[in-house]
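Subject: Model handover and notes

Hello,

Here is the model for you to look over.

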Amino acid sequence: MSQTETRGEENGFQQAARLEREELHRCVTLAATHFQSRLWGDEGQAARDYIASRGVTMESARAFGLGYASASGTALAETLAREELLDAGESAGVLRHPRAGNRHTDYFKRRVMLPFCSPEGQPLSFIGRDLPPHQRVKYLETRNSSIFIRNTTLFGLTHARDAIRGEGSAIIVEGGFDCMLLHQAGFPHSVGLISTTLSTARIDLLLAAGARELVVMLDPDRGGWRGIQQNSDLLLLYVPRTRVVQLPGKEDPDEFILRAGAGAMRRLLSEARPLTDYLLATALPQGRGASASERKKAIEELSPIFLRLQEGPARTALLEALASHSGLSCPELESLLRTQG
């Protein structure tokens, strides 16, 4: 095959990929419009009641593009069939592949729909929240596709970009409802992970939006602590100015705002601790007064962060901070950390 023919074949593959992406974008945009129309129609009353029960105003629900997947199980499939987008709906994860002799059915059924969008606001995918009495999986989301990769999107970034640039800071929470409540309470520089996992791609999105500082406010449970542990190496490397908010009790951010109000949330944010301080105080609250077993447990908690950090300033700074906090020397800590590896 000649070089010219090879280039032509490559261009053909590229064109096919582009056409596939365009069809997926058309499919997901149509699905977003479909879900929104269902939310604001007669059958969406239960979904609107649930959204209101979570403290989200109808204005916010419209602004964030919330929708409703009806109970029929075929409404979206019928909509996409009319546009000859059934295969695209399956690829995008909003339809289920039919069994032999059957038709496509909807992937989401009787759920409040939250869209994942590009920074520019183009719908890419969805996550569906089960309605009460919550007898099914709480959240259901689509798989990755050629237009959507889960860990490269952030819920609410479309609405937060201008505020992030103005503040020079971004607030990171777990859930979409947390994010919307923060926007309503006057913190429009907030984004939702819809998980506890950051990634370099997500950090890049926030840096590109103008964030010079990140304020992490994950749920006050074991999962939230694990999430901060899992993300700390990336944050220490790429955003040294990261602070962590400690929520009181067992309240998630949206619950705290609804109970205590925007002023109390503002105070919590002002008291956010630098990431390193938070890690040390949480893993070893007794500090130099800790027992040998308490120090051992703290090192077990923190060792994954050290082991993921390569030799360099970020690792050295964390090691020296732990040495000062625990009363152990850096060589002692290095030896203990190596045993964890």
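Strand β4 is covered on both faces. On one side sit R111, M113, P115 and C117, and on the other V112, L114 and F116, and all are buried. That gives 7 buried residues of 7 in β4, which spans residues 111-117. Buried here means under 20% relative accessible area, exposed means over 50%, and partly exposed lies in between (1.4 Å probe, protein chains only). Strands are DSSP runs of E of at least two residues, helices are runs of H or I of at least four, and both are numbered from the N terminus.

Before going on, the ground rules. This is a predicted model, in which local features need pLDDT of at least 70 and side-chain atom pairs count only at pLDDT 80 or more, while totals for chains, interfaces and linings use all residues. Residues are numbered from 1 along each chain as its sequence is written, and side-chain values use heavy atoms, with hydrogens and water left out.

β4 belongs to an open sheet of 4 strands, in the order β1-β4-β5-β6, with antiparallel pairing. The edges are β1 and β6 (139-141), each pairing on one side only. From one strand to the next, the twist averages 35°. Two strands count as paired if DSSP finds at least two bridges between them. Axes, for the angles here, are lines fitted to C-alpha atoms, for helices over the stretch in contact, and angles run from 0 to 180 degrees between N-to-C directions.

Now the neighbours of β4. β1 (residues 67-69) pairs with β4 over 3 bridges, antiparallel. Y68 has V112 as its bridge partner in β4. G67 is partnered by M113.

β9 (residues 213-217) and β10 (residues 242-244) run parallel, joined by 3 bridges. V215 is placed opposite R243 of β10.

Backbone points to check

Most residues other than glycine have a negative phi, and most peptide bonds are trans.

- P132 to P133: the peptide bond is cis, with omega near 10°. P133 sits in the loop between β5 and β6.
- E84: phi is positive, near 55°, and the residue is not glycine. E84 is in the loop from α4 to α5 (86-92). E84 has a relative accessible area of 71%, so it counts as exposed.
- I194: phi is positive at about 50°, again in a residue that is not a glycine. Its loop lies between β8 (190-192) and α8 (200-208). I194 counts as buried because its relative accessibility is 13%.

Helices

T79 is in helix α4 (residues 75-82). T79 counts as buried because its relative accessibility is 13%. Which residues does T79 contact, leaving aside its neighbours within four places in sequence? They are L30 and H34. Contact means heavy atoms within 4.5 Å. The side chains of T79 and H34 also make a polar contact at 3.3 Å. A polar contact is a pair of N or O atoms within 3.5 Å; within protein, one must be able to donate a hydrogen and the other to accept it, and residues adjacent in sequence count only if both atoms are side-chain atoms.

Finally, a helix pair. The axes of α14 (residues 313-326) and α15 (residues 330-340) come within 9 Å and cross at roughly 110°. So α14 is roughly perpendicular to α15. The angle classes are under 35 degrees for roughly parallel, over 145 for roughly antiparallel, 65 to 115 for roughly perpendicular, and oblique for the rest. α14 contributes R315, L319, E320, L322, A323 and S326 to the contact, and α15 contributes C330, L333, E334 and L337. By type, the contact residues are 6 nonpolar, 1 polar and 3 charged. Nonpolar covers Ala, Val, Leu, Ile, Met, Phe, Trp, Tyr, Cys and Pro, charged covers Asp, Glu, Lys and Arg, and polar covers the others, Gly among them.

Best wishes
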